[in-house]
Amino acid sequence: MRRVLCLNGPNLDLLGRREPGVYGSLSLAELEERVRGWGGDLGLEVDCFQTNGERELIEAVHGSASHDGIIVNPGALTHTSFALRDAVAAVDIPVVEVHLSNVRQRDRWRRRSVLAGVAAATIFGRGAGGYRAALRHLVDRAACPFESHRYGPHPDQVFDLRAASGSRGGVLIHGGFWLDEWGRDTTEPWAVDLCRRGLPTANLEYRRLGSGGGVVPTVADVVEGVRAASGVLPEAPPVVIGHSAGAHLALAAASQANLAGLVLVSGVYDPGAPGVDRTGAAAGQRFDPDGSTRLDQLVTPDCPVLLVHGAADRVVPPDQSQTAAEALGAAAELVVCPEVGHFDALDPASEVWQSVVEWLRRLD
Ligand code: DQA
């Protein structure tokens, strides 16, 4: 992956002035500059193009032969343009669909994307950062290819299998405060790192708040997803590795799964506690209003458990992992890494991830 085309469709030339409460305050030129910079950090050359015309957008997709991937925000054409869908389906390179706003939580008509099914991935609701995530996804999917497997009829009941033969598998459960704008692209760098070490993974998606999720369906998805992944990973039972709210879900699902180990990274178990990010606290209350997945309601898993947290985490304070480790007792080992923040833990170069890899090695 070396050259990426970044396309923006109708009305995105008005960014900064157009509904800034929805689309943010960055102008298109500022956004494009950031995208080129993020691309540079990942070793990519990014060419940017914006048009208000459907025809021009389609022709830009046709003319992408010298690029290795495309990220596209088609604006309102997302919801109507079957011609753009056909253009995306016609090119051989991966096309990632990006939206600044959470298109699933706005007008009903915005929930439908006619690109769904032909786009390699869809990232929405993360503002400008979604473009960065899209670039990262293009790099990660090129670094270590995967096969997507469905474990249910909902589009979010899916996992990406990166199989290496013969060794124990890991099922990755991403975080994001149970909210639908955060997806499995966030744990993909872990999957790529494990792939490079010869370890197979299933990077799990599940229904989240805003897209059919809630405590019962979401925990059920994680249980079913882990079960389905165990059936296709080369060696069962797997280790489950969760980040943030994904650590909470991994722990909540563990009593219903057969696991070789459980790794809980930067986990959030009591979102109402002081110090937890406000969005997270509100989402936690929405996710599990009755507290049925509170620590004192959960069964201690019947496998070794590692909890890791960055001491510099300002989104989920490290005392969340300390309290969880105490509740889990002797089966649990706690590692607190100085100077690591919440999202830093997702970087395979971080001390947090290095401790995880070390622990996995010892487990075998
Ligand atoms: C958008 C969402 C679309 O529904 C809308 O028509 C846009 C922008 C976004 O980035 O959130 O123009 O794609």
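**Reading strands, cores and a ligand site**

Trainee: How many bridges join strand β12 to strand β13, and which way do the strands run?

Mentor: Good place to begin! Strand β12 (residues 305–310) and strand β13 (residues 332–337) run parallel, joined by six bridges. Keep in mind that this is a predicted model.

Trainee: Now the inside. Which residues have the most contacts inside the largest nonpolar core?

Mentor: First the general idea: in soluble globular proteins, nonpolar side chains tend to be buried together. Here the largest nonpolar core has 47 residues, and Val 171, Ile 173, Phe 177, Trp 178, Leu 262, Leu 264 and Leu 307 have the most contacts inside it. Helix α8 (residues 245–254) gives the most to this core: eight residues. A second, separate core has 25 residues, including Val 4, Leu 44, Val 96 and Val 139.

Trainee: Which residues is Leu 262 in contact with, leaving aside its neighbours within four places in sequence?

Mentor: Among them are Val 239, Ala 250, Leu 251, Pro 301, Leu 306 and Trp 359.

Trainee: And which residues are around the ligand?

Mentor: They include Tyr 23, Asn 73, His 79, His 99 and Arg 110. The side chain of Arg 18 has an N or O atom 2.9 Å from a ligand oxygen atom. The backbone takes part too: an N or O atom of Ala 76 is 3.1 Å from a ligand oxygen, and for a backbone N or O atom of Leu 100 the distance is 2.8 Å.

Terms used:
Residues numbered from 1 in each chain as written. Predicted model: local features only at pLDDT ≥ 70, side-chain atom pairs only at ≥ 80, totals over all residues. Heavy atoms only, no water. Core = buried A, V, L, I, M, F, W, Y, C linked by side-chain atoms within 4.5 Å. Buried < 20%, exposed > 50% of the residue type's maximum accessible area, 1.4 Å probe, protein only. Helix = DSSP H or I, 4+ residues; strand = E, 2+ residues; numbered from the N terminus. Contact = heavy atoms within 4.5 Å. Pairing = 2+ DSSP bridges. Near = heavy atom within 4 Å. Polar contact = N/O pair within 3.5 Å; in protein donor to acceptor, adjacent residues only side chain to side chain.
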